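Visitor: Hi! I'm new to this one, could you walk me through it?
Guide: Happy to, let's bring it up.

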Amino acid sequence: MRPGKLIPAVFGLLAVSFLLLPLLVILPLAFTSSLFLIYPIPSFSLRWFDVLVTNPVWRAAIVNSLIIGIGTTILSTVLGGLASLGLREKLRFVSAPLSTLFLLPMVVPAVVLGVGLQILYARFGLSSTYLGMIIAHTVIAIPLVMVSVTNSLQGMDSRLELAAASLGAGPAATLLHVTLPLAMPGILTGAVLAFAVSLDEVVLNIFLAGPGQRTIARQMFAELRDNISPAIAAAAFLFIAGTIVLMALVLLMRRRVGGTAS
Amino acid sequence: MADFHIRLDGVTKTYGSLRVVDNLRLDIIRGEFLSLLGPSGSGKTTILMMLAGFQDASEGTIYVDGNMINDIPSHKRNMGVVFQSYALFPHMSVAQNVAFPLKMRGFGRSDIRERVERALDMVQLSTMKDRKPSQLSGGQQQRVALARALVFEPGVVLMDEPLGALDKQLREQMQLDIRELHARLGLTIVFVTHDQSEALTMSDRIAVFNKGRIEQIDTPRMIYDHPATRFVAEFIGETNLMEGEIAGREGDEAMVRLSDGCMMRVRARDGLERGAKVLVTIRPEKVELSDPPAAANSFPVTVSDTIYQGDHFRVQLQGAGQRFIARRDRRAAEWPQGARLHATFAADDCWVIAP
Amino acid sequence: MMARLWNRRTRAFLLVMPMALFIAVFFVWPLVIMVKQSVSDTAVLQILPRTADEVAGWDRASPPSEAMQAALIADLRAATDEKAVGDMVRRLNSAQSGFRTLMSKTISAVAKPETGPLLAPVDKRWMQPPYWIAIADALEPRTDRYLLAAVDLERDATGDITQMPEGSSANRLIFGRTFWIAGLVTLFCVLIGYPYALLIAASTGTTRAILLAAVLLPLWTSLLVRTAAWFILLQEQGLINGFLLSTGVIASPLALIFNRTGVVIAMTHVLLPLMVLPIYSVLVTIPTNLMPAATSLGAHPLRAFVHVMLPLSLRGVVSGMLLVFMTAVGYYITPALVGGAGDQMISAIIAFYSTQTANWSMASALGMVLLAITLVLYVVYAQLSGRNSIGGRM
Ligand SMILES: Nc1ncnc2c1ncn2[C@@H]1O[C@H](COP(=O)(O)OP(=O)(O)OP(=O)(O)O)[C@@H](O)[C@H]1O
Ligand SMILES: [Mg+2]
């Protein structure tokens, strides 16, 4: 190989290893029988998955993550979906600032939002409640839902809706039979992203949740700080597997809705 | 008296200070095939959009069957629309696409199946009914769009350059198919195109648009043979234009003095006063070329170029202080460049318009 | 026809309304509260409302009036919330030393019914204006002391802004450290990310797919999972030390975790995709024949790169750098887990004030500074990459 090709190849290999190695090394440790989160693995076992389901702390964390994640997914997808539809009507001095505003939670650092929400929640008694957590996660999930739904709506031929109207479909029927099915890939992507954000969120949980709302991510954070056990790797394995399953699901749905819409 | 199906009265569409459609008065006769023809940006699509209810008129009134429809939303207007890019629903099969307007109108299942079947038969697509639009060719998609716009038996069908995306051969086939459907179903069709030959082929009447106004509305024949304005004369087909003024009248013929002083005899028209400035138009295929001068209306010309065009020759000429184009039959002799000839314009073939 | 337009607008309005309300209440309002909190100072006013009324008419020089003294006694008698009283005393003591003893003496005195209406018998100091001036100043509900303290400034006795005494506050140091770490991470990200993006853009087929997947996969993976993974790699018995020890490159384990090195490595890994993707998205829009065109015109490949590729891709590089820096400045989780005590960034300090000491004013003031920095960076970023394109990375 010429050096002109060798150098990029070596660099690429190193960079890919840097990016992927961390993800690869954590997976096998989920199946270690050891008490410690280190290599080499003495023998394989499922004991740490067992801990996840039987240990009351982890179990509660999984249940909490599901409750908060599902709540966040529903709330943010509904709010974001409706708003994306509404924002298609372009009103000068209104639509553009609003879209920017709805994307801002992605920019504001989590701790800043955490401080503000903590003070607000203290006034309304939302601290240490599921509702409070769902709301907080929804705030940061909304930009992702907005972006993916808006993208799919923009990619849609607006004449399809005119066609539906000319064929006798009123606004509601057009929405139901044409707009929503065509926006579905974007809506699903948004929903999955919202769930993923909620699942992975720690900072707001630290600021706003009580012991009763500890999520998996929060529990992992706590364990990483004190007693590092391979249960973390088992949780990470579930995370990665979950991500892959969800992404596959989204891709599958897109395929099915597919056609020329995408 | 004509049976007006649609009437546009003073319809205007403005975007800011731009008048895209300007005080349009247009009566569309029941059962006619009306083409809206004009260059890009002349407002054709805008008119169609206002008819379909996708856009609001800034001013003026639209009547269907004598009832004002300005405030009726598009889904209640009962007009079929065929879009340039077809706008087929990508997530529905061909049959579902065609069934859509029937479903919206609450037809029964079996009724829908039967009507969809018939509509697809009509456009010869019965075998494709379970395919998705993305699995069809352009021409097939076009026919689905047509079936979908016709299946609910609207009184009016609006088409916005429906054949624009098809290749020439398919387009000509579809032109004939649509014409045939029009005749069979007795529909009123408003057809937008910027292709003049398409308009000439298909229409009962053509409305020629320029900058949001109608320049002329008439049968294809009248539009071609007797253009009302310079714009129409130049936009439809090729033409030769000669400036001049009326020098006198002689029975049903008038004498025109061209700008270089030559006199020319044309078929007279009312209102041609002596001294009026006029433009004489003559189509290239009406220009006779001969070696010796013919009787009247003959001018000496020089051949500057002869171009072979397959079914005819296009001869470019210089004479009487300007350029002319003639179109000669392929059997005609191929004159060499620089040949001196005489061009003859029969008085009956010359048409006089205001400059 | 106006009716139909209005209808459409109403529909749009109704669709956007729930979201607008939600964001207003749970995003904008908290930030507004935070801003207010950072300039509000009601610890004293809350306990001494009657005193506030009386002090308002005082000339700040003459001995306190009888009414002022009576009001103070009444206020102290009415105060029941011990924690709030403690806050007030701490607040007053920070303005005027000696207040702590004075107040505890006074509070126990007013508990007895015979005390009053004058304070001179309780303590002579109540006759000196400075104590009352401190109260008068502390009664002001608006203050800039927290904002000043956020950048290690304070007001001296005359009201001028001065540096805080050495060693009493480290906020500037921590802001400096935050910028330094974010800057280092941005630098490493661009050093790896730019050539990597070039490599993706130059490759085709499977290679390109693999290179892209290697960026996207970490982006899709939980931040905690990635941080935990770095734990496994960097810790003392971790894979990297294990590898280096077994190959004999080093004799004893390197300290890779709970220090700056660990923070920078882990954050670079976490944020690298945010650098690669904006650059890549710009690179793919550059026609592939430009470089060959430049070299065919006689430019050495390196010169061609400097004069053609670099300027064209600069917008992507700057966007990526801003995005990485902006995100890094607000980072909390990764430094908290793989950093040592000396690697904590500003977010950790905010979290400390907010969750450990419930000093919301200080947390808010620091949050304000962080928010302002982030928003400025975002505005520049948005200008560069066109509106809404922050979503482009999804
Ligand atoms: N939403 C709009 N805002 C401003 N101007 C517009 C808008 N829609 C159309 N126009 C303008 O109105 C004019 C007429 O447009 P229209 O689409 O009706 O033309 P057309 O005759 O259909 O042209 P084409 O043959 O290219 O389709 C154009 O100059 C166009 O730029
Ligand atoms: Mg058009």
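Guide: A term to start with: on a 1 Å grid over the protein atoms alone, a pocket is an open set of points with protein on both sides within 12 Å along at least five of seven lines, a cavity is a set where a 1.4 Å probe fits but cannot get out, and lining residues have an atom within 4 Å of a point. This is a predicted model, where local features need pLDDT of at least 70 and side-chain atom pairs count only at pLDDT 80 or more, while totals for chains, interfaces and linings use all residues. Residues are numbered from 1 along each chain as its sequence is written, chains are lettered from A and ligands numbered from 1 in the order in which they are written, and side-chain values use heavy atoms, with hydrogens and water left out.

Visitor: Which residues lie nearest the centre of the second largest pocket?
Guide: They are C:Asp41, C:Arg91, C:Ser94, C:Arg145 and C:Tyr146, out of 49 lining residues.

Visitor: What's the volume of that pocket?
Guide: About 1900 Å³, counted as the space filled by probe spheres set on grid points joined across faces, edges and corners.

Visitor: Which helix gives the most to its lining?
Guide: That is α5(C), with seven residues. Helices (H or I, at least four residues) and strands (E, at least two) are DSSP runs, numbered from the N terminus.

Visitor: And why does the pocket lie between two domains?
Guide: Because domain 1 (43-139) and domain 2 (171-390) of chain C both give residues to its lining. The domain bounds come from an automatic or database assignment.

Visitor: Changing topic, what is the strand order in the open sheet of chain B?
Guide: The six strands run β6-β7-β8-β3-β9-β10, with mixed pairing; two strands pair if DSSP finds at least two bridges between them. At the edges, β6 (79-82) and β10 (213-218) of chain B each pair on one side only.

Visitor: Is β6(B) parallel or antiparallel to β7(B)?
Guide: Parallel, over four bridges. B:Gly80 stands opposite B:Val157 in β7(B).

Visitor: Which helix packs there?
Guide: Helix α4 (residues 138-150) of chain B touches β6 and β7 of chain B, where contact means heavy atoms within 4.5 Å.

Technical notes
Axes are lines fitted to C-alpha atoms, for helices over the stretch in contact, and angles run from 0 to 180 degrees between N-to-C directions.
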